[in-house]
Amino acid sequence: MTPTPQLREDIHAQSARHTVIADACALTPAQMNEICSIFYHELLRRHPALQSYFADVALCRQATKLSSAIQLMFDYIRDPQRLGCVVVRVGTSHLGRRIGSAEYAEFIDVLADVLSRSQSRIPAEEARLIWMKELEPIVELMAIVSSEQ
Ligand code: HEM
C-alpha cells in the first residue's frame with residue numbers, strides 16, 4: 001500500500017513526537033533543573049503580572065520541584081492512569097492560589113518554548129507544537145481540579 005500524504009504526515013508527526021519526548025527523557029536531572037530555572041526567569045520576564053504568585057518563593061527550589069514533576073510525568077507517559085494521579089496531585093497543590101486557565105496557558109506557552117529550544121534534533125517550531133499538545137491536557141486537568149474544590 002502506498003501511504004497517502006495524510007498517512008505520511010501522521011507517521012511523521014508520531015515519530016517527531018517520539019523523538020521530542022525521548023530527547024527530553026534523556027536529559028539528566030541537572031540539565032532539566034537548569035531548563036526549569038531558565039523557564040521561571042523567562043516566565044516572569046514575559047508575564048510580570050505572575051510575579052505576585054512567586055513573591056515569597058525561592059525560584060531555584062521551585063525549578064527543582066517543577067523539574068521533578070516533569071521527570072515523573074515522563075515516567076508515567078505510557079500509563080495514563082498513573083499520569084492522571086500525578087497531575088491531580090500537582091493540581092491539588094495549586095489549590096487556593098487563584099491560578100486559573102489563563103495563568104496555566106501562559107505557563108505552558110513559555111514552558112513549551114524553553115523545552116523546544118533545549119532540543120536540537122527537531123526544528124524548534126515543530127518541537128514547540130508537540131510540547132503544546134503534551135502540556136495542554138495536563139494543565140486542563142490541573143485547572144479542573146483547582147476549580148472543582
Ligand atoms: C504545567 C503546570 C505546572 C506544573 C507542572 C507545576 C508544578 C509545580 C510543583 C511540582 C510545585 C511544588 C508543589 C508542592 O510543593 O507541593 C509547584 C508549586 C507552585 N506553583 Fe506550580 N506548576 C504549574 C503551574 C503553575 C502556575 C500556572 C503557577 C502560577 C502562575 C504556579 C505557581 C506555583 C506556586 C506559587 C507554587 C508554590 C511554591 C512554594 O510555595 O514553594 N504553578 N508547582
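**Group meeting: a walk through an all-helix model**

Let's start with helix 5. It has 17 residues and reaches 24 Å from its first C-alpha to its last, close to the 24 Å expected at 1.5 Å a residue. That expected span is 1.5 Å times one less than the number of residues. Helices here are DSSP runs of H or I with at least four residues, and strands are E runs of at least two, numbered from the N terminus.

A word on the source. This is a predicted model: local features need pLDDT of at least 70, side-chain atom pairs count only at pLDDT 80 or more, and totals for chains, interfaces and linings use all residues. Residues are numbered from 1 along each chain as its sequence is written.

Which residues of helix 5 are buried? They are Tyr104, Phe107, Val110, Leu111, Ala112, Leu115 and Ser116. Buried means 20 or more other C-beta atoms within 10 Å of a residue's own; exposed means 12 or fewer; partly exposed is in between; C-beta atoms are placed from the backbone.

Now the whole chain. It has six helices and zero strands. Its radius of gyration is 16 Å, close to the 15 Å that the globule rule gives for 149 residues, so the chain is as compact as a globular protein of that length. The radius is taken over C-alpha atoms, and the rule is 2.2 Å times the number of residues to the power 0.38. Along the principal axes, the C-alpha atoms fill a box of roughly 60 × 30 × 25 Å. Of the 149 residues, 21% count as buried.

Next, contacts. Two residues are in contact if their C-beta atoms, placed from the backbone, lie within 7 Å. Take contacts between residues at least 6 apart in sequence: 71% join residues at least 24 apart.

On to the core. A nonpolar core is a set of buried Ala, Val, Leu, Ile, Met, Phe, Trp, Tyr and Cys residues joined through C-beta atoms within 7 Å. The largest one has 25 residues, and Cys36, Phe39, Leu111 and Trp131 touch the most other members. Helix 1 (5-25), helix 2 (29-46), helix 3, helix 5 and helix 6 each supply at least two residues. Helix 6 gives the most, with seven. Setting aside residues up to four places away in sequence, Leu111 touches Phe39 and Leu135.

Ile35 is found in helix 2. Ile35 is buried, with 21 other C-beta atoms within 10 Å. Beyond four places in sequence, Ile35 touches Val114, Leu115 and Ser118. Val145 lies in helix 6. Val145 is partly exposed, with 18 other C-beta atoms within 10 Å.

Arg98 is found between helix 4 and helix 5. Arg98 has a positive phi of about 55 degrees although it is not a glycine. Most residues other than glycine have a negative phi. With 10 C-beta neighbours inside 10 Å, Arg98 counts as exposed.

Last, the ligand. How many residues surround the ligand? The shell has 20, and the closest are Lys65, Ala69, Ser93, Glu103 and Phe107. A residue counts as near if its C-beta atom, placed from the backbone, lies within 6 Å of the molecule. Helix 3 (59-75), helix 4 (80-93), helix 5 (101-117) and helix 6 (124-148) each supply at least two residues of this shell. The shell divides into 14 nonpolar, three polar and three charged residues. Ala, Val, Leu, Ile, Met, Phe, Trp, Tyr, Cys and Pro count as nonpolar, Asp, Glu, Lys and Arg as charged, and the others, Gly among them, as polar.
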